[in-house]
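Hi,

Here's the structure I promised to pass on. Have a look at it first, then read my notes below.

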Amino acid sequence: MHIPDGYLSPATCATLYAGAFAGWYVALKSVKRVLLSRVVPLISVFAAFAFVVMMFNLPLPGGTTGHALGVTIAAIVLGPSGAILAISIALSIQALFFGDGGISTLGANCFNMAIVGSLVAYGSYRLIAAGSSIASKRRIAAAAIAGYLAANAAALVAAIEFGIQPVLFHDAAGTPLYAPYALRVALPAMLIGHLTFAGLAEAVISAGLVAYLQAADPTLLQSTSGIPEADVTATVGAAARSPRRLWVAVALLMLLTPLGILAAGKAWGEWSPSELAGAGSPSQIAAAAVTPTAITPAGMQRLANLWTAPFPAYAPAFVKSAAFGYLLSAIFGVGFLLSLSLLAQRYLERRRATRYSA
Amino acid sequence: MKRGQFLESTVVGFARALSRALMSEEIAHQPGLLQSLDPRVRVIGLFALVLAVTLSRKLAVVLVLFLAAVMIAAFSKVSIGTLAKRVWLVVLAFTGVIALPAIFITPGNPIAIFAGGSLRITAQGVTTAVLLLARVETAVTFTTLLILCTPWAHVLKALRSFRLPQEAIAMLAMTHRYIFLLIETAGQMLESRQSRTVGRLPGREQRRMTARTAGVLLSKSIDLSNDVYLAMQSRGFRREVRILSDFRMRSWDYVGLLAFLCAGSIAVWMGR
């Protein structure tokens, strides 16, 4: 999408430089309202980051690869003004230092990618993510859609710039003097590539980066989220505290387990053969039985002694206090399940690592 | 895609960018025609020639400018091999592919007819394709000569003397500096991941890994910007960017500037 010198007429270049200057002026004025000494390094380093991200060879669905623009994540983290400046700086260095993109077309490239791209990315992200929390999955989808739309909007504008060249700039014999294709060719030619590859690359990297920031550094998503900073900090703090709260809740439930001994009667369906034989709750058993009889089924009688629980009736034999027995059973049960879960997790991680290193 | 292939191509891209930057610095410090001129003259002169190439409507004029670019390159110790590899072949591959269909689909006077008239080459098509290719080759050659023969710091100083906002110059300078740091950091992250990747990674895992690498790079970038901000504060930054400008125009520089402007003006007049 980096238009080299020679593709656009000087008049088009001048017009787009004027458009880019207007965008830069507004953006610079907007960021100057913030502390300038803070903004200069932030935008500079972000521009360097965008430059490097543009060099990433991104694997795309279907087995191919593509390059992202980095404009969407810039718009999400810095806002539209910061993104316009950061991407323009990155594009300027590409043109003036690496020769990627022309000098006469630098205004056009900045207009297409930095200005149109940033505004479309920012607008669509805000629209789709409106009202969602910082950690919401909707933000990931919003970043992906914003990235896809931004890349394609920039390509669309570039295609229009190409497409008007033969109409406006041709010699007496009808020979196009600059980009030779009319809109009916330029539009599909540009958009097919961007609808399939470049847009997808921008969508993938934007969504991936937003998902990463949600987990690693959610405060970076705050400035364009529309959520007050205090709420974000609270959400982040709550997220960080949530495991502790879970442990407290589990401990509380364990402490409350002796409440079970206050319950009258027998838990429905947990009858032993002796209870079925008449010592339990006859009315419940009678209501549950297929045939109204108090005789223990033969199969149940045979299998009843197949397995003896380590803590029958929620208390080991040596524990005399029923309440303490309940508590001990709860501690043992929770500990046992946690150990099982940790073992399963370790097994799955090892299996995954083996698969990737095979 | 095979395992780590996307990692390798990214790392190779990083290495290529670093080597190109290094090459530019080396050429810029060699004695030569362009190097002997004041950086402001180089910037104005080569920009003027790029503009002249863009304004020229005649192929012959563009070709003369191309020859001028080759001569300037030769006198500035820029090897033709470097230009061919770095500019001409790349432009030929990229713009050539774009320009080729124009030969067939541009309406005009047919000069060759194939497949019973369904495929025809028009004079207008050939002219526009060759003009586009020549113009892009010539303009990119001039731009590359500027890049190869002028250290980045001098380009910035030259831009500053053209009254560009100080903030913009400061951001360009800072970005350029940190691009190389971040390229190195990202390269190291990808290399370390590549060295630990033996099996074939599924596409989804590849994308996740790339996004994670980019995410870590983003976090590091933000931390870096905080460090730079604190360093600026500690050195007493007072919202003013000062760039030392010790350029002095000599008579040779005026001759060079005049030559560039005359060549550009004549090209525009001849090519109108």
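Among contacts in chain B between residues at least 6 apart in sequence, what percentage join residues at least 24 apart? It's 79%. In chain A, residues 24 or more positions apart account for 68% of the contacts with a separation of 6 or more.

Before you go further, keep in mind that this is a predicted model. It scores ipTM 0.85 and pTM 0.74. For chain B, the mean pLDDT is 85, and 95% of the residues reach 70 or more.

**The two chains**

Let's start with chain B. You'll find nine helices and two strands in it. As for its dimensions, the C-alpha trace of chain B spans about 65 × 60 × 30 Å along its principal axes. The radius of gyration of chain B is 24 Å, while a compact globule of 272 residues would come out near 19 Å. Of those 272 residues, 40% count as buried.

Now chain A. This one has 11 helices and two strands, and its pattern along the sequence reads α-α-β-β-α-α-α-α-α-α-α-α-α. Chain A has 358 residues, and 42% of them are buried.

**Where the chains touch**

**The hairpin in chain B**

Next, find the two strands of chain B. Strand 1 of chain B pairs with strand 2 (residues 119-122) of chain B in the antiparallel sense, over four bridges. For one facing pair, look at F114(B), which stands opposite L119(B) in strand 2 of chain B. The hairpin has four residues between the strands, and there A115(B) takes a positive phi near 50°.

Is strand 1 of chain B largely buried or in the open? Strand 1 covers residues 110-114, and the number buried among its five residues is zero, so this strand lies largely in the open.

Last stop: V140(B), which sits in helix 5 of chain B. Is V140(B) buried or exposed? V140(B) has 28 other C-beta atoms within 10 Å, and the cut-off for buried is 20 or more, so V140(B) is buried.

What does V140(B) contact, leaving aside its neighbours within four places in sequence? In chain B the partners are V87(B) and V91(B), and from chain A come P4(A), D5(A) and G99(A).

Notes. Residues are numbered from 1 along each chain as its sequence is written. Chains are lettered from A and ligands numbered from 1 in the order in which they are written. This is a predicted model: local features need pLDDT of at least 70, side-chain atom pairs count only at pLDDT 80 or more; totals for chains, interfaces and linings use all residues. The radius of gyration is taken over C-alpha atoms; the globule rule is 2.2 Å times the number of residues to the power 0.38. A residue is buried if 20 or more other C-beta atoms lie within 10 Å of its own, exposed if 12 or fewer, and partly exposed in between; C-beta atoms are placed from the backbone. Two residues are in contact if their C-beta atoms, placed from the backbone, lie within 7 Å. pLDDT is the predictor's confidence in each residue, from 0 to 100. Two strands pair if DSSP finds at least two bridges between them.
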